[in-house]
Amino acid sequence: MNAVFEVTRAEPRESTSAEPGGDRALKGHLLSLRHRVASSFTQLRFRLSGRGGRRLLSDKSALFTLGDQLLREARRSGRELSLTLFEFSDLKEVRSIYGSRVKRQLMAQVATKMAAAAGSRGVVARTAANEFALLLPGADRHKAAQIIGRAMGNPVRIEIESDNDEIVLVPEFQIECPGPEFDCIEALYRELCLDLKEARRLKQDREQYLTRERESYSRPQGLGLRPCDADAHGPGADVLPTIPDSLHPL
């Protein structure tokens, strides 16, 4: 399946007015139309070949608008709603190591896997350069984890082959359902951002600890003499002479 990012554009119409103010009126109309299109969460859609269509929203504001609608529907019906936030931090290094073509291939694979997890009712949003959000109506944390695992593997990963090299991205991600303390999806999103930040900090602390442990074991060790031992063998110390032993014939 090929992922295609499709942007809805407002195309200018040719003015048919011969009045001097016709151009200004047309420009005002186009600006108003452009604003309405930009503020609508339907401006960007993610389409896959085959049956059905799945949406990839372009920004956080679109996610918050649609997410609040899904949140209201979930609470009216008593159904679950989960939000998962993914961070693909390794994408920052992909372009510098493998080039733009490989990064585009990885991004297409990320979008395809995200759409597979979203299914026919879920929504995917690209909330930052290396960050994606997944809204799953009808799924609690456990069910969302199962759906994500089926679509993206266990452990969760994105992988492609390029020039006989296998490239694997393992994202950090957090899953949460909006409890009564969350009155909007934006508040839940910001909570997940903090959770991801804390997870990154713990990961860095763990890596630094392991690095220090390896360095301490690889450091050359001394002879382990105590100060009194060193003094006892210093200049002027009484040292017993070495007594030669006789050679015993075989």
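## Contact between α3 and α4

In α3, the residues L91, V94, R95 and Y98 meet S100, V102, K103, L106 and M107 of α4; contact means heavy atoms within 4.5 Å. The residues of this contact divide into six nonpolar, one polar and two charged. Here Ala, Val, Leu, Ile, Met, Phe, Trp, Tyr, Cys and Pro count as nonpolar, Asp, Glu, Lys and Arg as charged, and the others, Gly among them, as polar.

The model is predicted: local features need pLDDT of at least 70, side-chain atom pairs count only at pLDDT 80 or more, and totals for chains, interfaces and linings use all residues. Residues are numbered from 1 along each chain as its sequence is written, and side-chain values use heavy atoms, with hydrogens and water left out.

## Helix α4

Helices (H or I, at least four residues) and strands (E, at least two) are DSSP runs, numbered from the N terminus. The 19 residues of α4 should span 27 Å at 1.5 Å a residue, and the 27 Å between its end C-alpha atoms agrees. The expected span is 1.5 Å times one less than the number of residues.

Among the buried residues of α4 are V102, L106, M107 and V110; buried means under 20% relative accessible area (1.4 Å probe, protein chains only). Just after α4, G119 has a positive phi of about 65°.

T84 lies in strand β4 (residues 81-87). T84 counts as buried because its relative accessibility is 0%. Beyond its neighbours within four places in sequence, T84 is in contact with residues including F132, I148 and F173.

P155 is in the loop between α5 (141-152) and β7 (158-162). A cis peptide bond, with omega about 5°, joins N154 to P155.

How values were computed. Buried < 20%, exposed > 50% of the residue type's maximum accessible area, 1.4 Å probe, protein only.
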